[in-house]
Amino acid sequence: MVRVVELSIGLPDGLLMSAGDGTELTLYEADHTTVRRRIDCSVLDGARISDIVWSHKLSAVVAAVPQRHQLFRWDAHTDSLQEWGGTGEPGRRDGKVAQAKFAATVSITEAGDGTLWFVDRDTSSLRCLVVDTDRPDGDPHVVTVVGRHGAGYLDGPAADAKFDHPEDLQILYDGSVVVADTGNHALRHVDRTDREVTTIYGGPEQRADELGDEDVVLDAPTRVTVADSHLWVVDRNGRHLVEPRYV
């Protein structure tokens, strides 16, 4: 099931872009209410946008559309959303963004260095998109960091680790990545320096009091966010606060 939520991002010039119910993009003035323009999304043919992010290196909005297994792009010089990443055929293939393959990309975000990180639900993988600003077009390349060996549950080196149909990710203040590993009922942490994967909470042997509440057991987490130096996770049991030491 595709997560449908109100999604919005602040653009560098103070404008706001919203994905609404996932079927349209609207550009607002800084007051968040006055419509500047509505973006033509007919290229999606009714498919829903699951997430959007402003790429500072590309100076463009990148939208993840899981039903199409593609990434789409909008910039200030166009009136429409355009195909950008992926062939439309589901799979996991790294390399140049246009020739890469994606499989239900449901969450995408930008790290401080401009790298775009995203999770592909159907290949149970964490991947990144690297942009080279020394190249005229940025020469964006896709790299799989976790999930080269299919779905499962395994901590350790990123090249060997496994997720199970993750739904969301968040970049922490230290640049590391936290993934809502939905199928494993867990929060997983990826250290970008040593490329090591560990489980923060949950997993096959989780205890009922791990989140500081004896009634809470992670049940298919679908959203993870950072707010006020705290890490929050949303699952079927509601919204939970994760200990600050993980942020």
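This is a short tour of the model in your viewer, stop by stop.

Before you click, note that the model is predicted: local features need pLDDT of at least 70, side-chain atom pairs count only at pLDDT 80 or more, and totals for chains, interfaces and linings use all residues. Residues are numbered from 1 along each chain as its sequence is written, and side-chain values use heavy atoms, with hydrogens and water left out.

**Stop 1: the pocket**

Start by selecting Ile9, Asp51, Ile52, Ile108 and Thr109. Of the 21 residues lining the largest pocket, these lie nearest its centre. Its volume is about 420 Å³. Strands E1 (8-10), E5 (51-55), E10 (105-110), E15 (168-171) and E19 (223-227) each give two or more residues to the lining. Strands here are DSSP runs (E) of at least two residues and helices (H or I) of at least four, numbered from the N terminus. A pocket is an open set of points on a 1 Å grid over the protein atoms alone, with protein on both sides within 12 Å along at least five of seven lines; a 1.4 Å probe fits at the points, and lining residues have an atom within 4 Å of one. The volume is the space filled by probe spheres set on the points, which are joined across faces, edges and corners.

**Stop 2: Val62**

Now pick Val62, in strand E6 (residues 60-65). Val62 is buried, with a relative accessible area of 0%. (Buried is under 20%, exposed over 50%, partly exposed in between, with a 1.4 Å probe and protein chains only.) Leaving aside neighbours within four places in sequence, Val62 is in contact with residues including Asp51, Ile52, Leu71, Trp84 and Ile108; contact means heavy atoms within 4.5 Å.

**Stop 3: Asp75**

Next, go to the loop between strand E7 (70-74) and strand E8 (82-85), where you'll find Asp75.

**Stop 4: salt bridges**

The count comes to 15 salt bridges. Here are some to select.

- Arg188 and Asp155: they meet at 2.8 Å, N to O. Arg188 is in strand E17 (residues 186-191) and Asp155 in the loop between strand E13 (141-146) and strand E14 (156-157), so the pair ties together parts 33 residues apart in sequence. Arg188 is buried at 0% relative accessible area, while Asp155 is partly exposed at 33%.
- Lys101 and Glu89: this salt bridge spans 3.2 Å, N to O. Lys101 is in the loop between strand E9 (95-96) and E10, and Glu89 in the loop between E8 and E9, 12 residues apart. Lys101 is buried at 16%; Glu89 is partly exposed at 46%.
- Arg48 and Asp21: look for 3.9 Å, N to O. Both count as partly exposed, Arg48 at 30% relative accessibility and Asp21 at 39%.

Finish with Asp94, Asp120 and Arg127, which are linked in a network of salt bridges.

Conventions. Salt bridge = Lys/Arg side-chain N within 4 Å of Asp/Glu carboxyl O.
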